[in-house]
Amino acid sequence: TPSILWFRRDLRLGDHPALLAAAGDGPVLPVFVLDDALLRPSGAARTAFLLRSLRALDADLRRHGPGLVVRRGRPEDVVPALVRETGAAAVHVSADFAPYGAARDERVAAALAEADVPLVRTGSPYAVAPGRLHTKGGDPYKVFTPFYRAWADHGWRAPAASDPAGVEWATAPGDDLPAEPDVDAELPEAGEAAARARWDAFRGTPYDDIRDRPDLDETSRLSTYLRWGAIHPRTLLADLDARHTHAQVYRRELAWREFYAHVLHAWPASARDYFRPELKDLPYVTGREQRRRLDAWAAGQTGFPVVDAGMRQLLAEGWMHNRVRMIVASFLVKDLQVEWTHGAAHFMAHLVDGDLASNQHNWQWVAGCGTDAAPYFRVFNPITQGVKFDPDGDYIRRWVPELAGLSAPAVHRPWKDGPPDGYPAPMVDHATQREEALAAYQLLRRNH
Ligand code: FAD
C-alpha cells in the first residue's frame with residue numbers, strides 16, 4: 001500500500017523529513033492540492049510563481065517516477081478521497097503552523113481519522129518548530145534578542161538525507177494545472193534547483209556591510225524560495241556554519257523569520273490584531289480619502305522618490321528590498337496615516353515571498369504596535385532615508401524613469417526646482433504629517 005506525501009510549503013525533494021518518513025512506509029504518492037481559499041487572495045505574480053514551482057517540482061519528480069499528482073478542491077474533501085481511491089495507509093506532511101494551515105490540517109486529520117488513516121506531521125518550514133521555545137517562566141517569547149539566544153542554544157538537526165532516487169514513486173489520476181495568469185512582473189526562476197543556484201551565487205558577498213543598500217541589491221533574495229519551501233533554512237544554516245564568512249549576520253536574519261512564525265503561532269489573532277491595542281485608536285484616515293492615499297502609494301505616485309521606487313519595484317518584481325519595505329510602510333502609516341492592515345494586505349497580494357507571519361509582524365513593527373516594535377514616535381524621514389541608503393540615487397533611477405535624468409542629490413528632492421515632467425509633486429508635507437502623527441500619539445497616550 002502506498003502512502004501519500006501531501007506537499008504544501010515544502011516544494012522540494014532535498015532535506016525533506018516528511019519525504020523520508022513517507023518513503024519508510026513503502027511507495028510514495030506525491031500530491032499537491034490546489035485550494036481555492038489560498039488562491040483567491042493571491043495576486044497574479046504570486047499565483048504564477050506557485051504554478052511555476054509546481055511545474056518545477058513535477059519535472060524533478062519525473063526524473064525518478066510518474067510525477068506530481070495535482071487535485072483541485074478543498075483539502076478536507078480531496079485528501080480523504082485520494083486515500084479511498086488508492087488505499088493509502090497514511091498521509092505525510094510537513095507541519096504547518098500558520099493559522100489557516102493549522103486549522104485546515106485539523107479538519108483533514110479529523111476526516112482521515114474516520115477512515116483510521118493518520119495525518120503524520122514530520123518537520124516544518126523552520127529550523128526550530130514554532131511552539132518549541134519558551135521563556136524560563138514558560139511563556140512564549142515576545143522579544144527577539146532572548147528568543148534568538150534560546151533559538152541558537154536549542155540548535156537544529158542536520159539536513160534530512162532525503163533522496164528521491166531511492167524512493168518507489170506511485171501515481172493516480174490528477175487534474176491539469178490551471179493556465180498561468182498574465183503577469184507583468186519579472187519573477188525569479190522557480191524550483192529547488194533555482195533556489196540552490198541562488199544560494200550558491202550568494203555565498204561570499206560581504207553581506208553585513210551592504211544589506212541595507214537597495215541600490216547595491218546584494219541581499220540573498222532567498223525569501224521567495226523559503227516561503228514556498230524550495231529550500232529549507234536548515235540547509236542554509238548547515239552551509240553557513242561550514243562555509244560562510246558572514247554567518248552570524250545571516251543566521252540572525254533567518255532567526256527573524258523563525259521569531260515571527262513563533263509569535264504568530266503563540267498569538268494567531270496577531271495576524272490582524274494590534275499587539276499594542278491602544279494604537280488602534282489613532283485617528284487613521286478612512287473612506288474616500290483613505291482610498292485616494294492608498295491608490296497613490298500602491299501605484300508609486302506619491303512624489304517621494306524612494307517610496308515610489310519601492311512600490312514600483314513591488315509591482316515589477318513581486319519583491320522589494322527590506323530597507324525600502326520599512327520606508328514605504330512607515331510612509332503609509334505615519335505620513336499618510338493609513339492603518340497598517342491595508343498596506344499589509346497590498347503586500348500580501350503582490351509579494352511573491354508574502355508570508356503571513358513575516359509580513360504582518362514586520363508591518364506591526366514599523367507601525368509601532370507589534371512585539372518588540374520600534375516606538376511609534378520614531379518616524380522615518382522618507383527623503384533622508386533615500387539619501388542615506390541610496391546615496392547616488394541608482395535605485396530611484398532604476399524604478400522611476402521620470403527621474404532618470406537627475407543625479408544625486410537632486411534625484412532625492414526633484415520638486416525643488418519644479419518636478420520633472422510626468423512626476424507628481426509630493427502628496428503631503430513630511431514635516432506637517434510628522435507633527436500631526438506625533439500630536440495624535442501624545443493625545444492617545446494621555447487618554448490611555
Ligand atoms: P536577506 O537579507 O538575504 O535575508 C535572508 C532571509 O532572512 C530572508 O530571506 C528572510 O527569510 C529572513 N529575513 C530577513 N529579514 C527579515 C525580517 N525582518 N523578518 C522576517 N524574516 C527576515 N519577509 C518575508 O519573507 N515575507 C514577507 O511577507 C515579508 N514582509 C515584510 C513586510 C515589511 C513591511 C517589512 C519591513 C519586511 C518584510 N519582510 C518579509 C522581511 C524582509 O523584508 C524580507 O525577508 C527580505 O527583504 C527578503 O529579501 P532577502 O531574501 O534578500 O533577504
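**Domain contacts, ligand shell and sheet**

In the predicted model, 17 residues of domain 2 are in contact with 19 residues of domain 3. On the domain 2 side of this contact, helix 9 and helix 11 each supply at least two residues. Helix 11 makes the largest contribution to that side, with 5 residues. By class, the side of domain 2 that touches domain 3 is made up of 7 nonpolar, 3 polar and 7 charged residues. A distance of 26 Å separates the C-alpha centres of domain 2 and domain 3.

These two domains belong to a division of the protein chain into domain 1 (3–124), domain 2 (125–159 + 194–266) and domain 3 (277–447). The secondary structure of the chain consists of 19 helices and 5 strands. Its radius of gyration is 23 Å, close to the 22 Å given by the globule rule for 448 residues, so the chain is as compact as a globular protein of that length. The C-alpha trace spans about 75 × 50 × 45 Å along its principal axes.

The ligand was examined next. Both domain 2 and domain 3 give residues to the shell around the ligand, so the ligand lies between these domains. There are 27 residues around the ligand, of which Thr 219, Ser 220, Ser 223, Asn 359 and Asn 362 come nearest. Two or more residues of the shell are given by each of helix 9 (223–228), helix 11 (247–266), helix 14 (322–335) and helix 16 (356–367). The shell contains 11 nonpolar, 8 polar and 8 charged residues.

An open sheet of 5 strands is present, with parallel pairing and the strand order 3-2-1-4-5. Strand 3 (69–72) and strand 5 (119–121) are the edge strands; each has a single partner strand, and therefore one side of each is left without a neighbour in the sheet. From one strand to the next, the twist averages 30°. The pairing of strand 2 (residues 28–34) with strand 3 is parallel and runs over 4 bridges. Within this pair, Phe 32 is placed opposite Val 70 of strand 3. Helix 4 (residues 75–86) packs on the sheet, where it touches strand 1 (3–7), strand 2, strand 3 and strand 4 (91–93). The direction of helix 4 makes an angle of about 155° with that of strand 2.

Conventions
Residues are numbered from 1 along each chain as its sequence is written. This is a predicted model: local features need pLDDT of at least 70, side-chain atom pairs count only at pLDDT 80 or more; totals for chains, interfaces and linings use all residues. Two strands pair if DSSP finds at least two bridges between them. Axes are lines fitted to C-alpha atoms, for helices over the stretch in contact, and angles run from 0 to 180 degrees between N-to-C directions. Two residues are in contact if their C-beta atoms, placed from the backbone, lie within 7 Å. A residue is near a molecule or strand if its C-beta atom, placed from the backbone, lies within 6 Å of it. Ala, Val, Leu, Ile, Met, Phe, Trp, Tyr, Cys and Pro count as nonpolar, Asp, Glu, Lys and Arg as charged, and the others, Gly among them, as polar. Domain bounds come from an automatic or database domain assignment. The radius of gyration is taken over C-alpha atoms; the globule rule is 2.2 Å times the number of residues to the power 0.38.
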